[in-house]
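Dear colleague,

I am passing on the structure below, together with some notes on what came out of going through it. Please read the notes with the model open beside them.

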Amino acid sequence: MGLRERLTKEWFMFCIVLVIVLAKMDPSVGAKGGPLKPEVTITYIAVSAIFFNSGLSLKTEELTSALMHIKLHLFVQIFTLAFFPTTIWLFLQLLSVTPINEWLLKGLQTVGCMPPPVSSAVILTKAVGGNEAAAIFNSAFGSFLGIIVTPLLLLIFLGSSSSVPFTSIFSQLSMTVVVPLIIGQIVRRYIKDWLERKKPPFGAISSCVLLTIIYTTFCDTFSNTNIDLDGLSLLMILFIIFSVQLSFMFLTFFFSTRNNLGFTPADTVAIIFCSTHKSLTLDSLMAFLPFVGKLAQPTWPGPQHMLLLFQGSEALTAHVLERNSNA
């Protein structure tokens with residue numbers, strides 16, 4: 001395979017490396033408060049674009065069918081909001097006797113308490129050919145549910161109470177997820193024939209939006225040069241994250257492919273990404289809420305590092321699955 005063919009086939013992974021390098025070269029461009037204004041362009045515009053794109057590409061009957069797939073929704077929400085954080089807590093009891101940075105472990109538990117991702121699960125499910133409609137519903141429903149459940153989980157597992165801005169988060173989810181999806185469905189009704197004739201690259205568009213999210217996240221991390229994090233803790237937590245995510249992906253695959261559950265292969269893909277993945281957009285805000293006292297100290301390593309590493313792990317595993325599905 002020549003270089004051009006390799007670049008064409010592996011473009012997403014090459015672009016991930018490229019955006020990370022660009023973020024390292026000048027992180028001020030995509031950091032919060034920088035020229036790209038990610039607090040607006042990513043939090044609102046990029047996420048809205050993802051769900052508008054999904055609204056355009058999905059048939060209304062597919063969304064309706066996904067809404068009634070109760071068994072799938074229960075599987076995803078119970079796994080991600082009950083099994084995931086509980087298993088992480090048990091695992092961290094063992095890791096607490098190791099020299100790993102304490103706040104990294106707290107960050108890992110915080111990530112474990114997060115709801116399904118707002119946007120990345122939809123993009124990755126679509127890229128691998130999974131049930132995109134089911135991923136959309138669980139991303140939206142799980143995020144709304146997380147407004148209530150996540151603070152309770154943080155209180156249970158970390159003993160941290162927090163004041164959650166329910167109204168602002170609810171409004172943000174409505175404006176960036178529900179409204180764009182509905183608008184996309186409305187627009188689809190008027191340009192349906194054109195869409196079926198031209199077949200726009202909806203998957204590539206969503207992947208490009210995901211790249212912008214990854215870029216700004218790395219920019220925000222690289223812009224903080226005062227983070228006090230030892231190399232041993234970073235390497236160990238990186239290994240742990242990949243091990244945890246791969247283990248959870250295997251578990252969701254194993255259970256969702258049992259014949260008695262009746263899930264299709266496309267359903268299984270949606271289940272894997274929605275149950276085991278965490279977000280870097282809205283969830284980042286929720287991750288900081290229990291640690292308000294720590295936010296005044298920018299040198300502590302915590303949830304933002306876990307979310308960053310999870311994002312890289314998500315993209316890598318999705319790429320591997322996409323290659324295998326297209327083989």
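Helices (H or I, at least four residues) and strands (E, at least two) are taken here as DSSP runs, numbered from the N terminus. This is a predicted model, in which local features need pLDDT of at least 70 and side-chain atom pairs count only at pLDDT 80 or more, while totals for chains, interfaces and linings use all residues. Residues are numbered from 1 along each chain as its sequence is written, and side-chain values use heavy atoms, with hydrogens and water left out.

With that convention, residues 41-58 are 94% helix and 0% strand, with the end C-alpha atoms 24 Å apart, and residues 136-157 are 100% helix and 0% strand, with the end C-alpha atoms 28 Å apart. Both stretches are among those that UniProt, in an unreviewed entry, lists under "transmembrane region"; its positions are given in the numbering used here, feature names are shortened, and annotations may be inferred rather than shown by experiment.

For the aromatic side chains, rings of Phe, Tyr and Trp (its six-membered ring) are paired if their centres lie within 6.5 Å, and planes under 30 degrees apart count as stacked, over 60 as edge-to-face and the rest as tilted. By this rule there are 10 aromatic pairs. One of them, Phe 75 with Phe 79, is stacked, at 6.3 Å centre to centre and 0 degrees between the planes; both residues belong to helix H5 (residues 70-95), 4 residues apart, or about one turn of the helix. Taking buried as under 20% relative accessible area, exposed as over 50% and partly exposed as in between (1.4 Å probe, protein chains only), Phe 75 is buried at 18% and Phe 79 is buried at 7%. A tilted pair, Trp 89 with Phe 157, has 6.4 Å between centres and 45 degrees between planes, and links distant parts of the chain, since Trp 89 is in helix H5 and Phe 157 in helix H8 (residues 132-158), 68 residues apart. Of these two, Trp 89 is partly exposed at 33%, whereas Phe 157 is buried at 17%. Phe 75 and Phe 79 also belong to one aromatic cluster with Phe 83, Phe 84, Phe 248 and Phe 263.

Finally, the search of the whole structure found 0 disulfides, a disulfide being a pair of cysteine sulfur atoms within 2.5 Å. The sulfur of Cys 15 has its closest cysteine sulfur in Cys 208, at 7.0 Å, which is too far for a bond.
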